[in-house]
Amino acid sequence: MNGAVPEQKRTWTTGTAPGIFPLLGHAISLYRRPLAFLNSLPAHGDLVEIRLGPQRAWMVCHPELAHEVLMDPHTFDKGGPLYDRLGNLMGDGLVTCRQPAHRDKRRLLQPPFRPSHAAAYTELVAEEAESVCEGWQAGGTVPVTEAAMTLTTRVISRVLFSGSLDDTAAAQVRDCLADIVRGLFVRTVVPVDALFRLPAPANRRYRRALARLHAVIDTVIAERRRGPARDDVLGSLLAATRDDGAAALGDQEIHDHLITLLLTGAETSALTLAAAFSLLAGHPEAERRLHAELDAVLPGGRRPGPGDLPDLVRTRCVVSETLRHSSPGWLFTRVTTRETELAGRRLPAGATVLYSPYLLHHDPSSFPDPERFDPDRWLPGRPTAGQRRATMPFAAGNRKCLGDEFAMVEVTVALATIAGRVRLRHLPGYVARTPRPAITLGPRSLVMACEARPHGPSDASSSRAPLPRRAVCTRQAPQSRSAGDHSVDNT
């Protein structure tokens, strides 16, 4: 005997969340106090049974169980109430398709979003960020969330279809998305269709937004079929062919892909950017360190370029910590394709399994003082392997986010461009409130005060901690290397 101690197999715990209401289940808790409800679940087990309306579902409360689910998409496939509802919006796109169809769809859409291509979008993002903030006046107020949505809608529309949306159409898309993500959430937590066929104002608003968004996409596709070819995502989809030379995709398939990428590419990045400014305003030391880096790397408020990305270490750490602290993608569902076992519990085929990045990111066993916003958690060499594994804003496995690195570059560059020019402060009397629940979470109507900001390393050099000049905080947002070393869970 060599004296080695055999590895102990973990014993998982399971339980049931209290407070089940007839017909509604836990929908009232999820809708009225979603984050508090999520944070209460680990006390009942590593895998906790809840009710979505009358349906039973199981919430994963430990990062290792979340990885077990995400790394086995053949057993835990896309599905459940969330994806049933998203299917009405996105059709059979990359987000909602089942696993057998996923590989071909991802191969078709992956090239423009490869990490090696992400830096190429730096100048596009910086240009749009400058455009959004150029009219802001010192001493005035700024509708931060609306501006962020305008920015990200313009960016993703240029990537998808070369800016075929004019300002009016882009604003219409922005407003439609806001109505849709709110309507989708309540349809997920209370999956009782009869309630949403009633002629209530919220139901009419949701249906109207869906119809308008579909009409915008159909118009863009029709106009592009009549016009010259362009080098963008829509151009690639229109030009895709099968082995026999015939068109690989019909208009409906193209429509589904575009609406999927538009929704996932605008909403989550905008909320991340808005949340970053809100969190920085409440944490002046983190803000000072960010400004010190920007003054050193981008003196005089210079527009960032691709070569600046490796030097924006603290800027990227602010984005990574925002995604940990206030991840827009906060709740996702999967469905079992066969009878299986999870945490020692037998689950039947067709069972709904949920995981929550918010819950995992706020677990004090992974992140001490999890409510504290601390970008330094992600400085080079700081995060532990366990913290990386517990942090999954872009999911994991072969269905991790298609545009994870694109999103990191987009928010990093937008943050650097805007924060290099102005300082955004909370208005007098501001009180942080729990975000209004929707498919994504974030500050949906944030308004802040705008201040001019002096440039130059002298203003903040005393707060600049020494960093290696070409260090990178994390290649991607913090996540497990075993998970694809990979809101909306958009692949």
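Which helices do the buried residues of helix 7 pack against? They pack against helix 6 (115-118), helix 8 (144-161) and helix 18 (404-419). Contact here means heavy atoms within 4.5 Å, and buried means under 20% relative accessible area, with exposed over 50% and partly exposed in between (1.4 Å probe, protein chains only).

## Basis and overall make-up

The model is predicted: local features need pLDDT of at least 70, side-chain atom pairs count only at pLDDT 80 or more, and totals for chains, interfaces and linings use all residues. Residues are numbered from 1 along each chain as its sequence is written, and side-chain values use heavy atoms, with hydrogens and water left out.

The protein chain has 18 helices and 11 strands. Helices (H or I, at least four residues) and strands (E, at least two) are DSSP runs, numbered from the N terminus. Of the 491 residues of the chain, 58% count as buried. The chain exposes about 20100 Å², and carbon and sulfur atoms supply 52% of that area; accessible areas come from the Shrake-Rupley method with a 1.4 Å probe, and for residues only the protein chains shown count as cover.

Helix 7 (residues 122-133) has 12 residues. From its first C-alpha to its last it reaches 17 Å, close to the 16 Å expected at 1.5 Å a residue; the expected span is 1.5 Å times one less than the number of residues. Its buried residues are Thr122, Leu124, Val125, Ala126, Glu128, Ala129, Val132 and Cys133.

Serine 157 lies in helix 8. Serine 157 is buried, with a relative accessible area of 2%. Leaving aside neighbours within four places in sequence, serine 157 is in contact with Ser162, Gly163 and Leu165.

An open sheet is formed by 3 strands in the order 5-11-10, with antiparallel pairing. Two strands pair if DSSP finds at least two bridges between them. Strand 5 (141-143) and strand 10 (422-426) stand at the edges with a single partner strand each, so one side of each is left without a neighbour in the sheet. The twist averages 45° from one strand to the next.

Strand 10 is joined to strand 11 (residues 447-452) by 5 bridges, and the two run antiparallel. Arginine 423 stands opposite glutamate 451 in strand 11. Helix 13 (residues 251-281) packs on the sheet and touches strand 10 and strand 11, its direction making about 75° with that of strand 10. Axes are lines fitted to C-alpha atoms, for helices over the stretch in contact, and angles run from 0 to 180 degrees between N-to-C directions.

In strand 6 (residues 332-336), 5 of the 5 residues are buried, so the strand is largely enclosed by the rest of the structure. Phe332, Arg334 and Thr336 lie on one side, and Thr333 and Val335 on the other.

Strand 4 (residues 76-78) runs antiparallel to strand 6 and is joined to it by 3 bridges; aspartate 77 has valine 335 as its bridge partner. Strand 9 (residues 352-355) also pairs with strand 6 in the antiparallel sense, over 4 bridges. Here arginine 334 stands opposite valine 353.

## Nonpolar cores

A nonpolar core is a set of buried Ala, Val, Leu, Ile, Met, Phe, Trp, Tyr and Cys residues joined through side-chain atoms within 4.5 Å. The largest has 133 residues, and those with the most contacts inside it are Leu41, Ile50 and Trp136. Helix 13 gives the most to this core, with 15 residues. Apart from it lies another core, of 6 residues, including Phe367, Trp378, Leu379 and Ala390.
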